Amino acid sequence: MNDSIALVNRCMDILCDTVGVVEAEKFIHFIKTESFDYTKWQRKYYDAIPPEQLRENMKQFCVNHPFTGKKAVRL
């Protein structure tokens with residue numbers, strides 16, 4: 001239970017720092033009151049990005065966030 005509370009606190013801090021307290025509260029309200037399906041939203045979001053741009057974004061992410069685990073798997 002404490003891990004869940006810590007996660008919520010961390011995420012709320014990030015959300016508030018990123019968009020501000022008022023917008024964060026609006027976002028939480030939207031998520032709770034609407035029949036929001038993250039998977040459907042994500043599908044629409046990524047389908048709207050041209051494949052070339054998505055590939056470039058993924059390459060850049062890998063450069064900026066290298067995997068530091070013991071066994072790196074690159075596809």
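At 43% relative accessibility, Tyr45 is partly exposed, a class between buried (under 20% relative accessible area) and exposed (over 50%), with a 1.4 Å probe and protein chains only. The model is predicted, so local features need pLDDT of at least 70 and side-chain atom pairs pLDDT 80 or more, while totals for chains, interfaces and linings use all residues. Residues are numbered from 1 along each chain as its sequence is written, and side-chain values use heavy atoms, without hydrogens and water.

**Exercise 1.** Classify the ring pair of Phe30 and Phe36.

*Solution.* Step 1: rings of Phe, Tyr and Trp (its six-membered ring) pair if their centres lie within 6.5 Å; planes under 30 degrees apart are stacked, over 60 edge-to-face, the rest tilted. By this rule there are four aromatic pairs. Step 2: the centres of Phe30 and Phe36 are 5.6 Å apart and the planes stand at 70°, so the pair is edge-to-face.

**Exercise 2.** Classify the ring pair of Tyr45 and Tyr46.

*Solution.* Step 1: the centres are 5.0 Å apart and the planes stand at 85°, so this pair is edge-to-face. Step 2: Tyr46 is partly exposed, at 35%. Step 3: ring pairs link Tyr45 and Tyr46 with Tyr38 and Trp41 into a cluster.

**Exercise 3.** Locate the salt bridge between Arg43 and Asp47.

*Solution.* Step 1: a salt bridge needs a side-chain nitrogen of Lys or Arg within 4 Å of a carboxyl oxygen of Asp or Glu. Step 2: the N to O distance is 2.8 Å. Step 3: both residues lie in helix 3 (residues 38-47), four residues apart; helices are DSSP runs (H or I, at least four residues) numbered from the N terminus.

Note on methods
Helix = DSSP H or I, 4+ residues; strand = E, 2+ residues; numbered from the N terminus.
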